[in-house]
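The sequence and the structure are shown below.

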Amino acid sequence: MKRIAKYLLYIMITIILILFPFLIEKMILCETIFPFNIPINLSKETWFGFIASYLGAVGTVMLGIIALYQNKKYKELSDSSEEKVITLQNEIKTLTEKSVALIELNSKIEQAKYYPMLTNINYSYWNTNGKNITKKIDLEKDAFQISYNKVNPNEMLTSYKDVFNQYHTFVYTLKNDGEQTIRNFNCKSIVKNDAEHEFGFWLFQSCDIEPGALLRCVYATKFNLAEQCQHGEIQSLKFQYEMENVIGERFEMTCDFFFFPVATNDAPNFSIEISPIQRL
């Protein structure tokens with residue numbers, strides 16, 4: 001129905017435009033129609049020219065008004081469009097920033113899956129022997145990193161119990177709280193009282209640490225380490241470690257122990273500082 005009404009309106013406007021000049025002619029030529037029935041000194045040709053100019057001026061004014069109205073509408077539409085474009089650009093910028101942030105976060109999450117995480121759980125043992133080691137430590141499930149000075153080059157250690165039976169030991173415990181296995185965890189150097197250990201047959205046995213597994217860091221010596229710590233002969237020990245994740249990236253960390261003199265019958269008193277794990 002709307003389309004039919006629209007077409008009828010176009011037809012009526014066309015008819016009016018065609019008939020309008022003839023209607024004007026009839027009005028001017030008819031002497032009974034006001035104001036053409038008033039005696040005037042103007043000829044019919046002059047009236048035709050005046051009416052044509054008058055209608056042209058009216059049409060020009062109307063066209064000007066329509067043009068101003070259209071320009072106003074165009075400006076409003078342009079301003080509205082510009083505001084919408086600016087709003088869309090800001091939204092796109094915000095979405096882009098969020099996308100970049102999400103990509104970076106996802107990348108960090110993916111990297112975190114392979115980043116080693118070791119937590120100190122504050123379990124330490126002094127001079128544990130091979131008889132009672134199984135009461136304190138699970139030799140099957142726990143991971144062992146052992147650092148010891150091999151006095152006799154021909155000495156053979158076939159099991160963890162041999163280390164605890166033949167050496168004085170200090171054991172502290174870390175836990176793999178990461179999602180992946182830590183590979184080739186090993187001690188690279190030991191600093192005692194701010195000085196590197198003397199040269200000799202120092203051996204560092206590496207190990208792999210499964211997710212959730214306990215790591216037993218064993219420092220084995222032929223001298224009684226506990227007594228030296230009790231008497232204040234050893235004030236500090238620093239262990240430097242290196243490790244790898246499952247995709248081959250290498251990392252390092254340090255564990256610093258600071259000992260305080262105590263009575264002979266008391267266990268060594270110490271504090272521990274573990275550095276953050278850094279990528280090499």
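Rings of Phe, Tyr and Trp, the last represented by its six-membered ring, are taken as a pair if their centres lie within 6.5 Å, and a pair whose planes are over 60 degrees apart counts as edge-to-face. In this predicted model, the count by that rule comes to 18 aromatic pairs.

One of these pairs is formed by Tyr115 and Phe251, whose ring centres are 4.9 Å apart and whose planes stand at 65°, so the arrangement is edge-to-face. The pair joins distant parts of the chain, 136 residues apart, since Tyr115 sits in the loop between helix 2 (44-114) and strand 1 (118-126), while Phe251 belongs to strand 10 (residues 250-260). Tyr115 is partly exposed, with a relative accessible area of 25%, whereas Phe251 is buried, its relative accessible area being 0%.

Another pair consists of Tyr148 and Tyr167, with ring centres 5.5 Å apart and planes at 65°, so this pair, too, is edge-to-face. Tyr148 lies in strand 2 (residues 143-149) and Tyr167 in the loop between helix 4 (160-166) and strand 3 (168-176), so the contact ties together parts that are 19 residues apart in sequence. Tyr148 is buried at a relative accessible area of 4%, and Tyr167 is likewise buried, at 5%. The ring of Tyr167 also has a charged neighbour, for Lys222 lies over its face at 4.2 Å from the ring centre.

The cysteines remain to be described. How many disulfides does the structure hold? The number is zero. The sulfur of Cys217 has its closest cysteine sulfur in Cys255, at 6.2 Å, which is too far for a bond, because a disulfide calls for two cysteine sulfur atoms within 2.5 Å. Cys255 is accordingly in no disulfide, the sulfur of Cys217 being the nearest cysteine sulfur to its own. Both residues are buried, Cys217 at 2% relative accessibility and Cys255 at 0%.

The accessibility values of the residues discussed above are gathered here.

| Residue | Relative accessible area | Class |
|---|---|---|
| Tyr115 | 25% | partly exposed |
| Phe251 | 0% | buried |
| Tyr148 | 4% | buried |
| Tyr167 | 5% | buried |
| Cys217 | 2% | buried |
| Cys255 | 0% | buried |

How values were computed. Residues are numbered from 1 along each chain as its sequence is written. This is a predicted model: local features need pLDDT of at least 70, side-chain atom pairs count only at pLDDT 80 or more; totals for chains, interfaces and linings use all residues. Side-chain values use heavy atoms; hydrogens and water are left out. Buried means under 20% relative accessible area, exposed over 50%, partly exposed in between (1.4 Å probe, protein chains only). Rings of Phe, Tyr and Trp (its six-membered ring) pair if their centres lie within 6.5 Å; planes under 30 degrees apart count as stacked, over 60 as edge-to-face and the rest as tilted. Helices (H or I, at least four residues) and strands (E, at least two) are DSSP runs, numbered from the N terminus. A charge sits over a ring if NZ of Lys or CZ of Arg is within 6 Å of the ring centre and within 35 degrees of the ring normal.
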